[in-house]
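I opened a notebook page for this structure. These are my entries, in the order in which I looked things up.

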Amino acid sequence: MIDPMANLSKGNGSSAIGDMTGGEGQDVFDMAAAQANITKTDKIRSFMGIISGCVAGILGLTGLEGLACFVVLHFVVSLSILSKMEFNLKAYSRDSLFGFFTGDLQPFALSFMLFWTLFYGLVYLF
């Protein structure tokens, strides 16, 4: 998160580079706030992986249908997180937009697969 005390959001007439760097050539970036933001988005996405796995298992999705369910729900949740940040990703993270949407697909896909197979087995096999 960019330090709000640096008045970076105000248009004080300086150049675009000076606005982005605080006029000193360096980013003003609070690492504790950035870590808190990363932790919060990881918790949201982890919960999303578990819930979407439950949904895919209960609906009986198999194969690519289940994978499509995970990818769609992951992007919907990522888009909702981005909308909560008012589509100003640079104020909360140093990730690119592509990195924000795809950076955590693999770790949360494992939680998705665990709960997908668990709930599919509970509903349709037992």
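Predicted model: local features only at pLDDT ≥ 70, side-chain atom pairs only at ≥ 80, totals over all residues.

**Entry 1: a term, then a first residue.** Then I looked up Ser78. Ser78 has a relative accessible area of 0%, so it is buried. Ser78 sits in helix H3. I asked which residues Ser78 touches, not counting residues up to four places away in sequence. I found Arg45, Phe100 and Phe101.

**Entry 2: the overall fold.** I stepped back to the protein as a whole. I listed five helices and zero strands. Read from the N terminus on, the elements run α-α-α-α-α. The protein has 126 residues, and 29% of them count as buried.

**Entry 3: the salt bridge.** How many salt bridges does the structure hold? I found one. The partners are Arg45 and Asp104, and their closest N and O atoms are 3.4 Å apart. I checked where the two residues lie. Arg45 belongs to helix H2, residues 31–59. Asp104 belongs to the loop between helix H4 (97–102) and helix H5 (105–125). The two are 59 residues apart, and the pair links distant parts of the chain.

Next I asked of Arg45: buried or exposed? Arg45 is buried, because its relative accessible area is 3%. Asp104 has a relative accessible area of 22%, so I put it down as partly exposed. I went back to my contact list for Ser78 and saw Arg45 there too.

**Entry 4: H2 against H3.** I looked at how H2 packs with helix H3, residues 64–84. The angle is about 145°, and the axes are 10 Å apart. H2 passes H3 in a right-handed crossing. I wrote down who makes the contact. From H2 come Thr41, Ile44, Arg45, Met48, Ser52 and Ala56. From H3 come Cys69, Phe70, Leu73, His74, Val77, Ser78 and Ile81. I sorted these residues by kind: eight are nonpolar, four polar and one charged. Arg45 is charged under the scheme I used.

**Entry 5: cysteines.** How many disulfides does the structure hold? I found zero. I looked up two cysteines anyway. Cys54 counts as buried, because its relative accessibility is 12%. Cys69 counts as buried as well, at 14% relative accessibility.

**Entry 6: two residues with positive phi.** I turned to the loop between H3 and H4. Glu86 lies there. Glu86 is not a glycine, yet it has a positive phi of about 60°. At 66% relative accessibility, Glu86 counts as exposed. Phe87 has its place in the loop between H3 and H4 too. Phe87 has a positive phi of about 55°, although it is not a glycine. Is Phe87 buried or exposed? Phe87 counts as exposed, because its relative accessibility is 55%.

Entry 7: I first took Ala36, which is in helix H2. Ala36 has a relative accessible area of 44%, so it is partly exposed. I compared its place in sequence and in space with that of Tyr92. Ala36 and Tyr92 are 56 residues apart in sequence. From C-alpha to C-alpha, they are 9.8 Å apart in space.

Then I took Ile58, whose place is in helix H2. Ile58 counts as partly exposed, at 43% relative accessibility. Which residues does Ile58 contact, leaving aside its neighbours within four places in sequence? I listed Phe119, Val123 and Tyr124. Ile58 and Tyr124 are 66 residues apart in sequence, and 8.3 Å apart in space from C-alpha to C-alpha.

Terms used: Residues numbered from 1 in each chain as written. Heavy atoms only, no water. Disulfide = S-S within 2.5 Å. Buried < 20%, exposed > 50% of the residue type's maximum accessible area, 1.4 Å probe, protein only. Salt bridge = Lys/Arg side-chain N within 4 Å of Asp/Glu carboxyl O. Helix = DSSP H or I, 4+ residues; strand = E, 2+ residues; numbered from the N terminus. Axes fitted to C-alpha atoms, helices over the stretch in contact; angles between N-to-C directions. Left-handed = near helix turned anticlockwise from the far one by under 90°. Contact = heavy atoms within 4.5 Å.
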